Amino acid sequence: MLVALTQPVPRDPATDPRDIGRLRTTHVRAVAGCDLREEKIAAARAVCPDLFYTTRYEEMLARRDVDIVCIYTPDHLHGQHIVQAFEAGKHVICTKPLVNSLDDARRVLEAGRRTGRKLMVGQSTRFFESFRRQRRAFERGEIGALEFVDAHYIHRMDWYYDKSPWAATTTDWAFLCLSHPVDLVRWYLGHIVEVHALGYRSSLAQKYGAGFDIYAANLRSSDGRIGRAMGHYGLHDLPSARNAIELMLYGSQGTSMAQYHDMRYIHTSPDGDIIEDPLYGKRAYYFNNEVHGMHYGEFANYAEYFAEALLEDRPYSPDLEEGIETICVLEAIRRSAHSGQPVQLAPLLAEVGL
Ligand SMILES: NC(=O)c1ccc[n+]([C@@H]2O[C@H](COP(=O)([O-])OP(=O)(O)OC[C@H]3O[C@@H](n4cnc5c(N)ncnc54)[C@H](O)[C@@H]3O)[C@@H](O)[C@H]2O)c1
């Protein structure tokens, strides 16, 4: 699905309760939607009848009321859809992974520089309540100097292979899903200079004809600190023990963890461990009242954040260059897992033009 955004018209939430998206954002609103499949358009129209809908991307890009194009097409199509949007004069939000090859990374970076259009990667996890709380506390200095980062994203994906068969053959789990924990490690450690990764194919990956769906990667930052990212997409979930996404920060003065799907932010304090669990109060915002129902809140949060940055000409993260750097880290992990050798980032960054 591709969604187009523009600035909102004045609204009165009391008389416009139906438009949930508008209630979540004040600097941006949806104006158009595009998908090749008519049934998806019909489903979107049933919820948001006022949007313009088309099956032709060019038709959406030609509209003057479209300022930002949000891209949620299969991974291997992101590159061409981003370049088309830039060349039509639009800013872009692209879901993770930004692209899934170094060729597309180079094309997208070149097109961004040539057109001067802005792009933000929709790294949804950063915009989930517990991860926002963890970040704010880290920025307030509550865990001191950060010394080690440990992140994972694990989830059984048979439903995803069935829903989106392209996942097995046109991308790699390193891009499709390890992009979450690797982005989190990159967010905290800064530039990554070297990775050493191992990979394995679960029985589920073998059944669906996919490549490695289990990854364990160690990452070293430019100042020598270490991060670890793990992904497993053929497991049997054990949510009472491990959430799908968890981020542990180990600092000189404290430790913290953020979780998704639960909304817990757990951290040390002088009075002992503290568990903040805002799910009861925030679930309507993040999950449309379905307790574990996808990403409404995070997507609204990042759209709002990007729109504000554009309007005020402020920096934002992850921007195009940071996103391309993360793609190089993911490609390095993929190569390392296949070769069994550590991979340096510098040659990959040079190859894409960073
Ligand atoms: N947390 C997150 O941020 C998150 C979660 C899930 C998926 N994703 C990412 O979102 C993307 C889409 O995932 P999905 O699960 O929705 O996949 P999907 O297979 O359910 O949907 C992809 C849609 O793109 C449409 N499409 C393909 N080419 C098109 C074109 N030229 N014009 C218009 N529409 C086109 C298809 O018709 C399909 O409906 C993937 O890159 C995935 O990695 C991100």
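**Exercise 1.** Describe how the axes of H5 and helix H14 (residues 320-339) cross, and which residues make the contact.

*Solution.* In this predicted model, local features need pLDDT of at least 70 and side-chain atom pairs count only at pLDDT 80 or more, while totals for chains, interfaces and linings use all residues. Residues are numbered from 1 along each chain as its sequence is written. Helices (H or I, at least four residues) and strands (E, at least two) are DSSP runs numbered from the N terminus. Axes are lines fitted to C-alpha atoms, for helices over the stretch in contact, and angles run from 0 to 180 degrees between N-to-C directions.

Step one: the axes of H5 and H14 come within 10 Å and cross at roughly 170°. Step two: H5 is therefore roughly antiparallel to H14, given that angles under 35 degrees count as roughly parallel, over 145 as roughly antiparallel, 65 to 115 as roughly perpendicular and the rest as oblique. Step three: Leu-102, Ala-105, Leu-109 and Gly-112 of H5 meet Leu-320, Ile-324, Ile-327, Cys-328 and Glu-331 of H14, where contact requires C-beta atoms, placed from the backbone, within 7 Å. Step four: by class, this contact of H5 with H14 holds 7 nonpolar, 1 polar and 1 charged residues (Ala, Val, Leu, Ile, Met, Phe, Trp, Tyr, Cys and Pro count as nonpolar, Asp, Glu, Lys and Arg as charged, and the others, Gly among them, as polar).

**Exercise 2.** Work out how helix H4 (residues 78-87) and helix H5 (residues 102-115) are arranged.

*Solution.* The axes of H4 and H5 come within 9 Å and cross at roughly 10°, which means that H4 is roughly parallel to H5. On the H4 side the contact includes Ile-82 and Phe-86, and on the H5 side it includes Arg-107 and Val-108. The contact of H4 with H5 has 5 nonpolar, 3 polar and 3 charged residues.

**Exercise 3.** Find what domain 1 gives to its contact with domain 2, and where the ligand lies.

*Solution.* The domain assignment, automatic or from a database, gives domain 1 (2-123) and domain 2 (126-292 + 320-352). Their C-alpha centres lie 25 Å apart, and the contact takes 18 residues from domain 1 and 23 residues from domain 2. On the side of domain 1 that touches domain 2, H5 gives the most, with 5 residues. Both domains give residues to the shell around the ligand, so the ligand lies between them. Of the 21 residues around the ligand, Leu-36, Thr-73, Thr-95, Ser-124 and Ser-164 come nearest (a residue is near if its C-beta atom, placed from the backbone, lies within 6 Å).

Definitions and conventions:
Two residues are in contact if their C-beta atoms, placed from the backbone, lie within 7 Å.
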